[in-house]
Structure formats: C-alpha cells, structure tokens
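Let's walk through this structure together, one region at a time.

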Amino acid sequence: MICRHCGFEANEDFKFCPKCGKDSSFVTPTIILNPATAKITSSLRDNLFLVICILMTCACGLGVISGGLPLINILLTIFLWLGYSKFKKGIIDVTPLKNISGTVYASYVITNVCYIILIVCGVILTLLLGLIANNRTAINEIVEIIGSEFPVFLNIPYALYAVLAIVIGVAILIGAVAGLLINILGLRKIHRFAQSVYKMILNEAADFYNPRAAKNWLIAFGVFMVVSAVTSIGTSFFAALSNGCNAAACFISASLINKYFLSNV
C-alpha cells in the first residue's frame with residue numbers, strides 16, 4: 001500500500017499513515033499509476049536525468065573548491081539523486097520530489113529576501129551619498145583622507161560628486177529590482193512546475209503547471225549561468241566551471257521537460 005499524501009509504502013493497510021499521520025490515506029499502487037505518473041517515471045529514469053545529477057554534483061564540488069558553500073545546491077543534488085535512484089528501481093515515492101520542490105522554493109525565498117535587502121540598501125545608499133555629496137564639509141574630510149592616494153578627487157566639482165552618488169545608488173537599485181522581478185517571474189514558475197509533478201502523482205493537481213514556461217525559464221537561467229561562467233574565468237577558474245555545470249544542467253532540464261511534458265511520449 002502507498003500513502004496518497006506522502007508516498008510512504010507499507011505492507012498492510014493503516015487507518016493513519018505512520019509517516020504523515022493523515023487519516024485513511026492508503027491506496028493500492030495501481031490507483032496512482034495514471035498517465036501523468038508514467039510520464040514522471042519515464043523522465044526520472046531517463047539517462048538525461050542521470051546526467052543532470054552528475055552535473056549538479058560536479059557543480060557543488062567545484063563550488064566548494066572555489067571557496068563557496070552552496071548549501072541549497074548541495075541539498076538539491078542529494079534529492080535529485082534520491083529521486084533518480086528510487087524511480088530507477090521502480091519505487092514510486094513522492095518524498096524526493098517534494099524535497100526537490102521545497103529546495104527550489106527555499107532558493108526562491110532566500111533570493112527574494114537578498115534582493116529586497118539590496119533594494120533597501122540601494123535606496124539608503126542613494127540618499128546617504130546624496131547627502132554627503134551636498135555637504136562640502138564631509139567631502140573635504142573625505143578628500144583629506146584619500147586625497148593623497150587619489151589626487152584626482154581634488155579636482156572634481158562638488159556637483160559631480162552628487163551625480164556620481166546618485167548614479168551608483170540608482171544602478172544598485174535598478175539591478176536589484178530587475179533581479180527580483182526575474183526571480184519572481186522565473187524561479188517561481190519553475191517551482192510551481194516541480195510542485196505540480198508530485199501533486200500529479202498524488203492526484204492533487206489537474207495538470208502539470210505550465211511546463212513551457214518552466215522550460216523557457218530554465219533556458220534563460222542557463223544562459224545567465226553561461227555569462228557568469230565566462231565573466232568569472234579570470235577570477236576563479238573553478239567557479240567558472242561550476243557555473244558551466246549549472247548552465248548545462250539547466251539546458252538538459254529544459255530538454256527533459258520538452259521531451260516528456262511538451263510532446264506526446
């Protein structure tokens with residue numbers, strides 16, 4: 001028997017699921033083996049999904065070597081491997097799929113919080129630098145501190161300080177707002193698609209959530225990762241390789257969605 005809510009497998013029927021505790025949730029496996037489940041199972045058994053797992057593992061390892069600690073990516077990689085191993089063995093378990101969806105959502109929330117903090121900092125920085133730029137005393141003190149090392153500051157008009165301050169703050173603000181919008185529009189759609197995957201197995205969703213949008217945004221994030229890889233080659237070769245692996249994983253994920261969820265397979 002398999003729990004309809006969490007995918008827990010048991011040898012006998014229970015009134016309450018030992019794992020999630022929900023009432024009368026056990027059904028026979030044949031009930032949940034619907035056409036949607038067949039698509040999901042086939043996609044997770046595909047060798048392309050195995051390649052994604054390998055690429056994400058390499059990306060995490062290279063990220064650690066380059067001095068980072070990509071905890072979200074590490075968790076995502078673990079859940080990807082768990083999902084692949086279980087479905088490859090023919091075990092229909094939604095727990096790894098739920099964890100994958102949850103990890104994507106965690107990334108979505110954390111990134112949003114970071115962008116919001118950056119937006120607030122951009123506003124504060126713009127106002128603060130604007131006030132400093134219009135305060136001749138503050139500028140004179142700054143010039144006295146760094147003027148010996150950067151004598152060019154001695155010849156810049158006060159008005160130009162104000163312009164530079166505003167440009168810096170506004171640039172940070174625009175970049176943060178753009179990143180926030182892309183995250184909301186893109187990563188949220190990818191999460192909702194991942195969420196609909198396990199909900200389809202549990203018969204809790206009518207259809208997969210907008211797989212075309214998920215595919216397109218994965219391609220967009222892949223392109224962004226390629227740009228990040230190219231720009232970081234000079235500073236950190238391992239970080240560039242890590243971004244390259246992430247980009248390849250995004251492109252292959254988009255291909256997998258196209259193969260199983262956008263075509264008649």
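Which residues does Ser232 touch, not counting residues up to four places away in sequence? They are Phe237, Ala239, Ala240 and Asn243, where touching, or contact, means heavy atoms within 4.5 Å.

Before going further, a word on what you are looking at. This is a predicted model, in which local features need pLDDT of at least 70 and side-chain atom pairs count only at pLDDT 80 or more, while totals for chains, interfaces and linings use all residues. Residues are numbered from 1 along each chain as its sequence is written, and side-chain values use heavy atoms, with hydrogens and water left out.

The protein chain has nine helices and two strands. Helices (H or I, at least four residues) and strands (E, at least two) are DSSP runs, numbered from the N terminus. Read from that end, the order of the elements is β-β-α-α-α-α-α-α-α-α-α. Of the 265 residues in the chain, 38% are buried; buried means under 20% relative accessible area, exposed means over 50%, and partly exposed lies in between (1.4 Å probe, protein chains only). Among contacts between residues at least 6 apart in sequence, 67% join residues at least 24 apart.

How far can you trust the model? The pLDDT, which is the predictor's confidence in each residue from 0 to 100, averages 80 over the protein chain, and 73% of the residues score at least 70. Two stretches call for some care. Over residues 27-32 pLDDT stays under 50, and the model has 13 contacts beyond four places in sequence for them. Residues 148-154 also stay under 50, with five such contacts in the model.

Now back to Ser232, which you will find in the loop between α8 (211-231) and α9. Ser232 is buried, with a relative accessible area of 13%. Its side chain reaches the backbone oxygen of Ala229 at 3.2 Å. That is a polar contact, a pair of N or O atoms within 3.5 Å; within protein, one must be able to donate a hydrogen and the other to accept it, and residues adjacent in sequence count only if both atoms are side-chain atoms.

Another serine to look at is Ser66, in the loop between α3 (47-65) and α4 (71-88). With a relative accessible area of 31%, Ser66 is partly exposed. Leaving aside its neighbours within four places in sequence, Ser66 is in contact with Ser236, Phe238 and Ala239. Ala239 is also among the residues that Ser232 touches. The C-alpha atom of Ser66 is separated by 8.7 Å from that of Ser242, although the two residues are 176 apart along the chain.

Next, follow α9 (residues 237-261) to where it packs against α2 (residues 35-45): the angle is about 145°, and the axes are 10 Å apart. Here the axes are lines fitted to C-alpha atoms, for helices over the stretch in contact, and angles run from 0 to 180 degrees between N-to-C directions. On the α2 side the contact is made by Lys39, Ile40, Ser42 and Ser43, and on the α9 side by Leu256, Tyr260 and Phe261. By class, these are four nonpolar, two polar and one charged residues; Ala, Val, Leu, Ile, Met, Phe, Trp, Tyr, Cys and Pro count as nonpolar, Asp, Glu, Lys and Arg as charged, and the others, Gly among them, as polar.

Pro35, in helix α2, is exposed at 67% relative accessibility, and its C-alpha atom is separated by 9.4 Å from that of Ile201.

The loop between α7 (158-201) and α8 also holds Asn203. Most residues other than glycine have a negative phi. Asn203, however, has a positive phi near 60°, and Asn210, in the loop between α7 and α8 too, has a positive phi of about 40°. Asn203 is partly exposed at 39%, and Asn210 is partly exposed at 35%.
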